[in-house]
Amino acid sequence: MKTVLFKKALFIVLFLSSFIGFSQSLALSKDAKISILTCGLGNETYSYFGHTGIRVSDPGNNFDVVYNYGTFDFRTPNFVLKFAKGDLQYFATVHSYPEFFEEYTYEKRSIYEQELLISQDLKQKLFDQLNAVLASDERYYTYKFIDKNCTSMVVDVVNKTLGGDVIVKTEDTDKTYRSILFPYFDGHFYDQLGTSIIFGTKVDQMGTRIFLPFELKNSLDKTNFQNKPLAAKSKTLLEFTKETPSSWWNNIFTYLFILLFVIFARDKTVDKIYFTILSLIGIFFVVMGFYSFHQELAMNYNVLLFSPLLLVLVLLSIFKNKLWTYRFSLINFVLLIIYFLFLINKAHFFITLPLIITSGIVLVRTAIRNKKPIPIII
């Protein structure tokens, strides 16, 4: 969904900086076409959801370019911290279409094109607007996973040109963002698990906003403008069948194996390590909830499963405080029950269920170990 500075140097360099200044005053010919490009899913993290671009092809003026939103630079100082915090600056770029096509051929990702059936005046307006963005500070923006990405920005710029909310979401509006995202991680189990537990309440809202490339593609098929279809029927420019990767470790079986080991080991040290890992993940969630500007990470109820209180439980156990170890075992078990009940209707219920069961068993086991025996009076 979001594009990085692409792998090939040829592809990441901006399309002739002089083109921007030239094109601001360039009048499109009557043969010019503007279309939305939807690119297929890939197996790199940045490509799991596909990509959206705007193609402007004008044989009369001898150019064919693609405008992209969502580019960022790995060379940015403090890149990781900025990315995590959510204030990393993304920017719009323009590339020649042959380079764009070559890159997606190399990555074996499909490209679908939908030509916008709009008047010459609106084509010119959209073209001028795209170039004005590239030539100004508007080229830079703060990325938001749902609200500002390569697809939503394209929707916004086209709607602005058309003078209203012409392109709106036409399917899956009764599903949450979390439910919509879940299938995109096919073949990437731990990415699916990780995004399931790191996202908070925002992704449990109904997915009424277009934020994924194929949502835009499908919506364009059903959108009318001035009593006629806004876009022509989708045309396939490049087609590949997505290969689902296989891995000996990145799958549900290693996940279940680790949890079964924790359950059947029946070892105090293993239990402490398990709780420590969960608690540190929970502390990370809490810190990110306050530190990051990404609204998707805020209000993360998954902290009930990855409770920082588990670390207190581990410390009490290390210092052999049986009474409070027992009490904190019960406290965390209650939090686990609350989490279980809250999660039942969520998309990630079944992927987290093995963790819930494992935590429940280990908490009960810890409570039994530290429960003060009741004296028997004879």
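Is N227 buried or exposed? In this predicted model, N227 counts as exposed because its relative accessibility is 81%, above the 50% cut-off for that class. The residue is found in the loop between β7 (224-225) and β8 (228-229), where N227 has a positive phi of about 65° although it is not a glycine. Most residues other than glycine have a negative phi. A positive value is likewise found for M299, whose phi is near 50°; M299 lies in the loop between α11 (268-291) and α12 (309-318) and is exposed, with a relative accessible area of 65%.

Helix α10 comprises residues 252-265, and its 14 residues reach 20 Å from the first C-alpha to the last, close to the 20 Å expected at 1.5 Å a residue. At the start of α10, a side-chain oxygen of N251 comes to within 3.0 Å of the backbone nitrogen of F253, while just after the helix R266 takes a positive phi of about 50°.

The buried residues of α10 are T254, Y255, L259, V262 and I263, and these pack against α8 (189-198), α11 and α14 (349-370). An α-helix has 3.6 residues a turn, so residues three or four places apart point the same way. A nonpolar surface patch of about 520 Å² is made by I252, F253, L256, L260 and F264.

Conventions: Residues numbered from 1 in each chain as written. Predicted model: local features only at pLDDT ≥ 70, side-chain atom pairs only at ≥ 80, totals over all residues. Heavy atoms only, no water. Patch = residues over 30% accessible without salt bridge, like charges linked within 9 Å, V, L, I, M, F, W, Y side chains within 5 Å. Areas by Shrake-Rupley, 256 points an atom, 1.4 Å probe, with all protein chains shown as cover. Salt bridge = Lys/Arg side-chain N within 4 Å of Asp/Glu carboxyl O. Helix = DSSP H or I, 4+ residues; strand = E, 2+ residues; numbered from the N terminus. Buried < 20%, exposed > 50% of the residue type's maximum accessible area, 1.4 Å probe, protein only. Expected span 1.5 Å × (residues − 1). Contact = heavy atoms within 4.5 Å. Polar contact = N/O pair within 3.5 Å; in protein donor to acceptor, adjacent residues only side chain to side chain.
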